[in-house]
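Dear colleague,

Please find the structure handed over below, followed by an account of what was found in it. I would be grateful if you would read the two side by side.

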Amino acid sequence: MLAKVLSGATVGLESIPVTVEVDIYNKSLPSFAIVGLPSKSIEEAKERVRAAIKNSGAEFPPHRITVNLAPADLPKEGPSYDLPIALGILIASGQLTNNIGNALVFGELSLDGTLRHTKGILPIALLAKEKGYKALFIPEINAKEAAVIAGIKVYPVPSLLTLFRHLMGTMLINSFPHISFSKLQEIINAEFDLSDIKGQEQAKRALEISAAGGHNLHFKGVPGAGKTMLARALPGILPDLTEGEALEVTKIYSVTGNIPEGASIIKIRPFRAPHHTTSRIGLIGGGAHPIPGEISLAHRGVLFLDEFPEFPRHVLESLRQPLEDGIVSICRAAGTVVYPAKFVLIAASNPCPCGYLGDPKKHCRCLPGQINQYKKRISGPIIDRIDLHVDLPPVRIEKLTGEGKSESSKEVKKRVQSARNLQTKRYKKTKLVCNGDLNARDIKELIDLSSECLKLLRQAAAAMNLSARSYYRTIKVARTITDLEKEKEIAVSHIAEALQYRPREEN
């Protein structure tokens, strides 16, 4: 007898319908074969499914069982086909009628028949909505993750036995209620508050501009100037995730298994801070079976690279395309996978190997050749792709011991959120999210500059030897400064402030 159960496969971040076909031939010796380019974890499903069916009180048919995962030319990975295979066997063996209807089935089985936490649930839920499937049968522990997608019935399945009884009509499973995104907002608890940071007012201003417009930022200064502390305070002023951004981020975390058990979608912007010994694959992504790297896990959030020059040169150079395009393409013989990587880069570095070049109180011990070699670890193309460059002087003792209080992160976030709301409204008819997403064509079409602004830009381009990329990035930063000031048109003062954040010639 032949049975068909619908499921799905995730390639990159996109899901594709997969039909699990089960045929049982009772005039042959017992065997169990899975075809359709299964991975090792799917081959091992034979033992998991056999034990789960027996331990759920059903009979595992002692016949020849052939399982085909169609389409057959698509490589299949992961244990998520356990439940549809087990269900297909029960239907094909006549122990269960095929009344599952137009629904997708997805989940990993334990040997006792219970369902385990399974990766990739959100892309499957989005597939169900896109293709018009009416229901989704998934592990109970993953129900909240899928319930944020409206328009489909999500059935939380605790075990194979429970699903068997549901389909037999003896004990129905109630569908999980839809969860509105507005109910999922979460208060961000940053490691540091801006009010805790003494001095460094220009750096705080640059941090505010970076958060408001999604601009890359480079802090350079002596040890103890507050570079790391400023970066760690950034999550407290980042604008809230929109629903669309939250779904983008959650898809990445879902396929990588980074969503905690029983949790729903990602509610706050990611903040990733990999160590400088991270490999190129760890940062960019890849492997024999490509998986997202740190830059994709930081999508719509922040990638903080402390000790920036200490990262291997080839690792930093691999950031060029993602910083420019907002995606990373991983090519293998079997095909190409594209992951989103639209992140804000926050880099922190010392001015020299010992760290004290330019310090008024501590003497630098580095030779000129060592200093030049240290600076060359960060290439010009990488520097050119960073919008804001800030040199941090040492914090004076009067600032540390003074009683003056600066603005809190909560107060700064209000301005940042207001500026981001203006950008969302401005770009609602485009695919752009913030000013940091603008490319040269977008700037020409969407931003009008007065003759005075153009004159200042031409003068600055000649005096500072700005590249074309630096020229347009200066305009993007000026647009964000204008939004923070709640002005409609870019003024000369906004251009002048944006130019202050271009790197000095020695960089």
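**A lysine in helix 7**

Lys-204 is buried, its relative accessible area being 8%; the classes used here are buried for under 20% relative accessible area, exposed for over 50% and partly exposed in between, with a 1.4 Å probe and protein chains only. This is a predicted model, in which local features need pLDDT of at least 70 and side-chain atom pairs count only at pLDDT 80 or more, while totals for chains, interfaces and linings use all residues. Residues are numbered from 1 along each chain as its sequence is written, and side-chain values use heavy atoms, with hydrogens and water left out.

Lys-204 belongs to helix 7. Helices (H or I, at least four residues) and strands (E, at least two) are DSSP runs numbered from the N terminus. The Lys-204 side chain reaches the backbone oxygen of Leu-194 at 3.4 Å, a polar contact being a pair of N or O atoms within 3.5 Å; within protein, one must be able to donate a hydrogen and the other to accept it, and residues adjacent in sequence count only if both atoms are side-chain atoms. Setting aside neighbours within four places in sequence, Lys-204 is in contact (heavy atoms within 4.5 Å) with Leu-194, Ile-197, Gly-199, Leu-230 and Ser-406.

**Nonpolar cores**

A nonpolar core is a set of buried Ala, Val, Leu, Ile, Met, Phe, Trp, Tyr and Cys residues joined through side-chain atoms within 4.5 Å. The largest one has 48 residues, and Leu-207, Leu-217, Phe-219, Leu-234, Ile-346 and Val-390 have the most contacts inside it. Helix 7 (residues 201-213) gives the largest share of this core, 6 residues. A second, separate core holds 42 residues, among them Val-20, Ile-42, Val-67 and Ala-92.

**Backbone features**

Most residues other than glycine have a negative phi, and most peptide bonds are trans.

- Ala-70 and Pro-71 are joined by a cis peptide bond, with omega about 5 degrees. Pro-71 sits in the loop between strand 4 (64-70) and helix 3 (82-92).
- Glu-307 is not a glycine, yet its phi is positive, about 55 degrees. Glu-307 is found in the loop between strand 14 (302-305) and helix 12 (313-317), and counts as partly exposed at 29% relative accessibility.
- Asn-465, also not a glycine, has a positive phi of about 55 degrees. Its loop runs between helix 19 (451-464) and helix 20 (468-484), and Asn-465 is exposed, with a relative accessible area of 68%.

**The chain as a whole**

The protein chain has 21 helices and 18 strands. Along the principal axes, its C-alpha atoms fill a box of roughly 85 × 45 × 45 Å. Of its 507 residues, 52% count as buried. Among contacts between residues at least 6 apart in sequence, 73% join residues at least 24 apart.

Asn-99, in the loop between helix 3 and strand 5 (103-105), is partly exposed at 42% relative accessibility. The C-alpha atoms of Asn-99 and Arg-269 are separated by 42 Å, the two residues being 170 apart along the chain.

With kind regards
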